[in-house]
Amino acid sequence: SNAPAGTPSAYRSAHANFQGMANAVICGDKPDWYTGQMIDSPRFNKQQARDEFGTSRWSKWVDSIVKLQRIIDSSDVTDQFLWLYDDTFIWQQISIEQAMTPRRNGQLARQFDKPERRTWRECLRRTAVALRDQGMPTLNYSHHAPMVYDKNKLQQTIDLFRPRESPRAIESLYGNHHFDAEQGTTTGGWLSYTCQPGKAWTPKSVPIINVGRFPASVRRAVRDRFREPAATEAGGVPDFSG
């Protein structure tokens, strides 16, 4: 993600604000401050993406699939688990039950057959095309809020769509594959984004915040809100503003 290196604040936010959370496992590169359960998964980087796809633009999406496959294969993670990115903060007290409600944000693509210039929009378009070709809905579940997966169902989605070889947005592949059309709700009032560089940001009254970038105003807000170390931090981190 774009989180400053070694920042434990997203992890702290989950410990502070998820009601009923049993345990947490980090999948990725081990942070120096972390002493809890760990699944080692080095980042699928841009050079690897260039070698495999001829472009670096798909590195983030392949990295997610690599990590999710390792989670599926790990006995340290329960058959049903909540997936959370490290630039997403649980800003208010919410229950696991609330987090498990499928949430979507409109349709994935404005157009199916004309490639998009922006990588994110192009990834969503390709996801929509893959779903359409399977006769499935094309709703957008890829919005950086928490996503609850069932390991067996997630493996079915990976086996069907092969997103490791053909990068796609896994949350939307999974959601449209396994959720009923009438199941869940929209992201309205649930999620806030802070991706505008150079603009001051004031914390919003929403349960989930996806930071995307870390301008000074965001760093201050995060630092002030999540000062208390989690139990699995090595002695705590006095300043984690990046």
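Predicted model: local features only at pLDDT ≥ 70, side-chain atom pairs only at ≥ 80, totals over all residues.

Trainee: Start with α5. How far apart are its end C-alpha atoms?
Mentor: They are 21 Å apart. Helix α5 covers residues 119-133, which is 15 residues. At 1.5 Å a residue the span should be 21 Å, so the two values agree.

Trainee: Which residues of α5 are buried?
Mentor: R121, E122, C123, L124, R125, T127, A128, V129, A130 and L131.

Trainee: And what do those buried residues pack against?
Mentor: Three helices: α3 (59-73), α6 (151-161) and α7 (170-178).

Trainee: Two of those are α3 and α6. At what angle do they pack?
Mentor: About 140°, with the axes 10 Å apart. Angles over 145 degrees would count as roughly antiparallel. The α3 and α6 pair is therefore oblique.

Trainee: Is the crossing left-handed or right-handed?
Mentor: The crossing of α3 and α6 is left-handed.

Trainee: Which residues meet there?
Mentor: From α3, L68, Q69, I71 and I72. From α6, K151, L154, Q155 and I158. By class, the contact has five nonpolar residues, two polar and one charged.

Trainee: Staying in α6, what about T157: buried or exposed?
Mentor: T157, which is in helix α6, is buried, because its relative accessible area is 0% and the cut-off for buried is under 20%.

Trainee: What does T157 touch?
Mentor: Leaving out residues up to four places away in sequence, T157 touches R162, P163, I170, L173, Y174, H177 and H178.

Trainee: R162 is on that list. Where does it lie?
Mentor: R162 is in the loop between α6 and α7. With a relative accessible area of 40%, R162 is partly exposed.

Trainee: What about H144, what is its phi?
Mentor: Near 75°, again a positive value in a residue other than glycine. H144 sits in the loop between α5 and β8 (147-150). At 25% relative accessibility, H144 is partly exposed.

Trainee: And just after α5, which residue takes a positive phi?
Mentor: G135, at about 70°.

Conventions: Residues numbered from 1 in each chain as written. Heavy atoms only, no water. Helix = DSSP H or I, 4+ residues; strand = E, 2+ residues; numbered from the N terminus. Expected span 1.5 Å × (residues − 1). Buried < 20%, exposed > 50% of the residue type's maximum accessible area, 1.4 Å probe, protein only. Contact = heavy atoms within 4.5 Å. Axes fitted to C-alpha atoms, helices over the stretch in contact; angles between N-to-C directions. Parallel < 35°, antiparallel > 145°, perpendicular 65-115°, else oblique. Left-handed = near helix turned anticlockwise from the far one by under 90°. Nonpolar A, V, L, I, M, F, W, Y, C, P; charged D, E, K, R; others polar.
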